[in-house]
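Me: I have a model to go through with you. Could we discuss its strands and then its cavities?

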Amino acid sequence: MSSISPLVAQPMHLTANIKKNQCPEPEKLALLIDQSKNIKRLNQIHAFIIRHGLDSHPVLNFKLQRSYASLGHVKDSVALFNLTQNPNVFSYTAIIQGHAVNGLYEQALKFYVQMLTEKVEPNAYTLSTVLKACTLETGEALHGHAKKFGFESDTYVRTALVDVYARGGDVVSARRLFDTMVEKNLVSLTAMITGHAKNGDLDEARVLFDGMVERDVVSWNVMIDGYAQHGRPNEALILFRQMLKARLKPNEATMLAVLSACGQVGALESGRWIHSCFGYNASSINARVGTALIDMYSKCGSLDDARKVFDGIKDKDAVAYNAMIGGYAIHGFTQDALSLFKEMSWVGLHPTDITFIGILSACAHSGLVSEGWALFNAMKDEFEIQPKIEHYGCMVNLLGRAGHLEEAYELVKSTSVDADPVLWGTLLAACRLHKNTVLGERIVEFLLERGIANSGTYVLLSNIYAAAGNWDGVARMRAMMKHSGVQKEPGCSSVEVNNKVHEFLAGDMKHPKSREIFGMLEQMNEWVKAQGYASKTETVLHNIGEVEKERSLEVHSEKLALAFGLISTKPGTTIKIVKNLRVCPDCHAVIKLISKITGRKIIMRDRNRFHHCEDGVCSCGDYW
């Protein structure tokens, strides 16, 4: 027993109800153990128990064992367990639970095996507890145990089984068990919703969620996070507002999910409100929350706010640095990203594979080819990090944008990892940028031969042909797209006004203020023409006349979002636009001019990066 800390602790006054030198009843001590909220208090009670010769009392030992584990002192719990003669099912269940709740899953399973070896038969609570420590494979084995011991129909055991199958990705088995449950409780419903949400089956998850009689913060979080993680951020934000109306208090997990959604749609004001709503100030932000805030502010176009959060994190880890480096990268602030990368070494942090994705992306946005190669080689040779598909993608993007197409092509072919369509798509995009039809055709032929072409393959080659004026090639690609059932992703732009995100498609006339928006578009056209601007009709990838090309450019989604921003905000207000695709050269040029004419700063995030347009100049230096 010498390994247990309370043996050397001095017994102290426990309660006014226990007189000096009077040994309290075990029931009272058991109650005091259950009420212990910190390790100091528990140590005092344990020392008192030892002093009065009650250290062999089975109930008190069981209570102490469980309380030590619940406070994170698993070693003390194990020491007590090892002193227990002929431990029964309750002692085993307590030690299994103690390890499971502290994430020590392998040890929890070992105690379960030891229990069976000692011929101690588990009860329903034992099985429901140990199942929390199981992977799908071990969970399937314990499902057999549940049948063997007659507990498969027990509500808690079945709920735990649903959770195991759902967590392991076997949603079909989870749903089969769930549907045959006689009594579905909050926990089983949340487990099933989690399974559907993680699997991307959000509509099925929502049906279950909407049918819940009772919901807690966990069930709300699962659904909100499901939307955020699977590209449906607007629905995540709508559901979050419904959660607030239902008077449920959000927790940190809610905040992380909602901040992710805000970042995806560029909802800066909503993100700021959530930040203030949760009461986090510069001195109270932990690394996990800080990283989420940095990511949100960066994606919403406010690097100043992101940097304030970063500077406020006391114990910065590599994840926090990665978030800030990534933020600088998507804004094209390469030198700031490189400075932070160097700072990581100064403070003794080892860069991760995510660090190099961020820093290589930063190099790509500024065309720093030699610096990019040096970092890529250092990652392998100095930091011993094996490049992944994402790192090769960054290098292909860097080389391709800089016009080193053959070098990029050779890199893709020589990669040690299986090149996927995204990697080839990055190279195809570079071919389109530099109008290299020959290499583009070679790549598409290569992809088709290996059966790894996707919708983007056809679209990119079609655009390469269109940019080169090869309309026969365009027609051929579009016929192939139609035959394959491929649809081109429509351009969509959004702008946030008064905490509400407004979305626009090209030529969109569905907005309630459509008349005012198109009136502003006409005024914008007059402004830029007065500056001598001529539309970049060569960027229109359709075989139509010049007048039709001009008209199609005038109603691009970016310009509709900008027009709405201009009529909906006060003069001088910064306008932030988010586009799902790469901004077209004509829209880019027009937005730069509008920033000069109106004296406004216009920040636009496209698929690749941010563009900070101010006084007619863009932060990208027209390199994007």
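**Strand pairing and cavities**

Reply: Cys492 has Leu505 in E2 as its bridge partner. This is a predicted model, where local features need pLDDT of at least 70, side-chain atom pairs count only at pLDDT 80 or more, and totals for chains, interfaces and linings use all residues. Residues are numbered from 1 along each chain as its sequence is written, and side-chain values use heavy atoms, without hydrogens and water.

Me: How many bridges join E1 to E2?

Reply: Strand E1 (residues 492–497) and strand E2 (residues 500–505) run antiparallel and are joined by 6 bridges. Strands pair if DSSP finds at least two bridges between them; strands (E, at least two residues) and helices (H or I, at least four) are DSSP runs, numbered from the N terminus.

Me: Which residue in the hairpin takes a positive phi?

Reply: Asn498, with phi near 55°; the hairpin has 2 residues between the strands.

Me: Changing topic: how many cavities of 30 Å³ or more are there?

Reply: The count is 2. A cavity is a set of points on a 1 Å grid over the protein atoms alone where a 1.4 Å probe fits but cannot get out, and lining residues have an atom within 4 Å of a point. The largest cavity has a volume of about 70 Å³, the space filled by probe spheres set on the points, which are joined across faces, edges and corners.

Me: Which element gives the largest share of its lining?

Reply: H29, with 3 residues.

Me: And what is the volume of the second largest cavity?

Reply: About 30 Å³. Strand E3 (residues 575–579) gives the largest share of the lining of the second largest cavity, 3 residues.

Conventions:
On a 1 Å grid over the protein atoms alone, a cavity is a set of points where a 1.4 Å probe fits but cannot get out, and a pocket is an open set with protein on both sides within 12 Å along at least five of seven lines; lining residues have an atom within 4 Å of a point.
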